Amino acid sequence: MMILKNKLSLASLSRPGAAPRWRRSLLALAACCLLASSPAGQAQVALPALGDSVSQDLDVGAERNLGDQVMGQIRPDPDYLDDPLLQEYLLGIWNPLVTTAKLLGHISDETVDRFAWEIFLVRDRSVNAFALPGGFVGVHLGLIAMTSSRDELASVLAHELSHVTQRHIARRIAGDSRNSMLAMAAMLAGLIAASRSGSIDAANAAIVGPQALAAQASLNFSRDMEREADRVGFNVLSEAGFAPSGMFSMFEKMEQAHHLMDSGSYPYLRTHPLTSERIGDARTRLGTGEFQRPINQAEHALMAARSRVLMDPRAEIWTQLQNLDAGAREPRGPTVGRGFEQLSARYASCLASIKMRDFPRAARALASAEQQLQELGNDPKAARLLRFLRAELAQAQGQSADGFAVLASAKEKSRPQLMERSQLALVDKSGPASAREVADELQTWVSLNPKDVLAWTQLGLLWEKLAQPLRAVRAQGEARYAMGDLRGAIDRMRSGLRQSRERDADPVEASVIDARLRTMLYERRQRLSDMYPRGIPPGAELP
């Protein structure tokens, strides 16, 4: 999967043995050593500084640029998921954590505006989350699906956020660079001594020994970072109003799942290895009082169910999920009487049935879930999610009027509401009225949220339906730009500029396209100038 490849290539940036960097550094250091050993060169040698500043190795701007480049590869990937409901739920946890980190001073003045502080979803059933350079954090749907409460999920997000606030990626690159330089210096010194002794064993030891020391130093460095992220993350978690026990509860689950590592379902444990020390520290931070396990909530149960359906689009998996509600039983323990297990199963059954286009079964599962929620006290957040599920069912059946009526009953203004209305407008066959109304709403939305790729994409489809080709191509170009694909955005804008020369073209829209194209071309020149500081070669293009 492309996203996994991106993460592997990113990991190689900080791996001590990354081949291109290792070879360049080795050649440079060997040259320095040769100069130092010659009488003529002794006065001119300046060995690389091992500085004490993270920014000396990877400053904030460079780290953000690196993150933008990685995200430019991730966003077009089919497994990059923008599900409005899940994204909204995730942001409802993420944003308070970021705000609290700012108030606590964990986010510096240098990074507060220059980092993205963006969280995104990955369509993958494995239990994983990861931080990228520049303030980007990815969350696999498998992680959401396996958590039992909002607080458990928040504990993982707080941990990943702390990796970002503490600049662990930059520090890792800097630390590995220093370890590699020291290891290479030791290896070269050992090789010189071995060559004088004429011993092959000594030469092998000179190569293997420093590499092992560098690997151990890197491992120790990683463990220190994990402990620091636990400590800082726990503070942010509790101060943001989440149950502190969520972190220990999550550690418990991870420890129990440790034996499943070989199945590949828990890559999070490979990048964030649990130790008895980390688990003990988490329990100690809770104090000596009685351990209060995080309380399960209907909203989280439904979001976990949604994640289970969307994380694996295979028909055989959806068939299994359809059958979940038939075997659901009341849970035991702290959630007795709440029926969240059954509610979650019925939600998953309904959504899976919609995906399988088994609409009668979807309707039965949804009606059963709605009835059960009333028996449980009609939690407003869970009721809202079931309302959106009913609108999804209407959309899949092509019954747009029913879907609009369901959404209108709530009278809310939110991104999920707007995105679902746009989907309904696209399948509406009653006429252009609904499409025009929603297109105008989306146009207002993107003017305030210009980086919303999904909104631009939906807007382009609506303008196409309304026979507005110039507006459609501009929306397509803006979607490519928001995605990070500057070349694709310029191509679409150029296409729009050619269309704008037609006799019946909208002059206002043509002017907007011309201005946006000029801005994008200027940005392209700036990026190329950064890539080629000695002059842009003919035919040079962005990667």
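The entries below are kept in the order in which I made them.

I note at the outset that I am working from a predicted model.

**Entry 1, helix α21.** I looked up helix α21, residues 432-448, and found 17 residues reaching 25 Å from the first C-alpha to the last, close to the 24 Å expected at 1.5 Å a residue. I then asked which residues of α21 are buried, and listed Ser434, Ala435, Val438, Ala439, Leu442 and Val446. These lie on the same side of α21, because they cover an arc of only 125° around the axis. On the other side of α21 I found Ala433, Ser447 and Leu448 exposed. For the cover over the buried residues of α21, I wrote down that it includes α19 (400-408), α20 (415-427) and α22 (453-465).

I next took helix α24 (residues 486-499) against helix α25 (residues 507-531), which pack at an angle of about 150° with their axes 9 Å apart. I recorded the crossing of α24 past α25 as left-handed. The residues making the contact include Ile490, Met493 and Leu497 of α24, and Arg516, Leu517 and Met520 of α25.

Is Glu478 buried or exposed? I found Glu478 in helix α23, residues 469-483, and its relative accessible area is 4%, under the 20% cut-off, so Glu478 is buried. Leaving aside neighbours within four places in sequence, I listed Trp456, Met493, Arg516 and Met520 as the residues in contact with Glu478.

Notes: Residues numbered from 1 in each chain as written. Predicted model: local features only at pLDDT ≥ 70, side-chain atom pairs only at ≥ 80, totals over all residues. Heavy atoms only, no water. Helix = DSSP H or I, 4+ residues; strand = E, 2+ residues; numbered from the N terminus. Buried < 20%, exposed > 50% of the residue type's maximum accessible area, 1.4 Å probe, protein only. Contact = heavy atoms within 4.5 Å. Expected span 1.5 Å × (residues − 1). Arc of directions from axis to C-beta. Axes fitted to C-alpha atoms, helices over the stretch in contact; angles between N-to-C directions. Left-handed = near helix turned anticlockwise from the far one by under 90°.
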